[in-house]
Amino acid sequence: MSAIRCLVSGRVQGVWFRASTQRQAQALGLSGYARNLADGRVEVLACGEEGALSELRAWLCEGPPAAEVISVECSIWEGESPSGFTTA
């Protein structure tokens, strides 16, 4: 089990990014969360198998159709892994 924390920049708030990320993560069997940050970015924490994390990371670079992703910065997460996948 591994975990990553990603910060997604661009037009990612108000375009169903968090809900779409939740659907993708759940389909991949990942736990974690997606939440808006005050600076306009979306923070995504995802925990699960390496292959599934790679797939989610690739999806984050595109996002849902209305999003315009400029950058995705991911780092390894060593904190506690949540159960389920939520949006905040």
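This is a predicted model: local features need pLDDT of at least 70, side-chain atom pairs count only at pLDDT 80 or more; totals for chains, interfaces and linings use all residues.
Figure 1. A search of the whole structure finds one aromatic pair, and its rings belong to F17 and W59, whose centres are 5.7 Å apart and whose planes stand at 45 degrees, so that the pair is classed as tilted. Because F17 lies in helix α1 and W59 in helix α2 (residues 50-60), the pair ties together parts that are 42 residues apart in sequence. W59 also counts as buried, since its relative accessibility of 17% falls under the 20% cut-off.

Figure 2. When neighbours within four places in sequence are left aside, the contacts of T21 are with A34, V44, L56, W59, L60 and F85.

**Figure 3. Close-up of the largest nonpolar core.** The largest nonpolar core holds 20 residues, of which F17, L30, V44, L56 and L60 touch the most other members. Two or more residues of this core come from each of β1 (2-11), α1, β3 (42-48) and α2, and α2, with five residues, gives the most. In soluble globular proteins, nonpolar side chains tend to be buried together.

**Figure 4. Close-up of the surroundings of L60.** Not counting residues up to four places away in sequence, L60 touches C6, V8, F17, T21, V44, V69 and V72.

Key
Residues are numbered from 1 along each chain as its sequence is written. Side-chain values use heavy atoms; hydrogens and water are left out. Contact means heavy atoms within 4.5 Å. Rings of Phe, Tyr and Trp (its six-membered ring) pair if their centres lie within 6.5 Å; planes under 30 degrees apart count as stacked, over 60 as edge-to-face and the rest as tilted. Helices (H or I, at least four residues) and strands (E, at least two) are DSSP runs, numbered from the N terminus. Buried means under 20% relative accessible area, exposed over 50%, partly exposed in between (1.4 Å probe, protein chains only). A nonpolar core is a set of buried Ala, Val, Leu, Ile, Met, Phe, Trp, Tyr and Cys residues joined through side-chain atoms within 4.5 Å.
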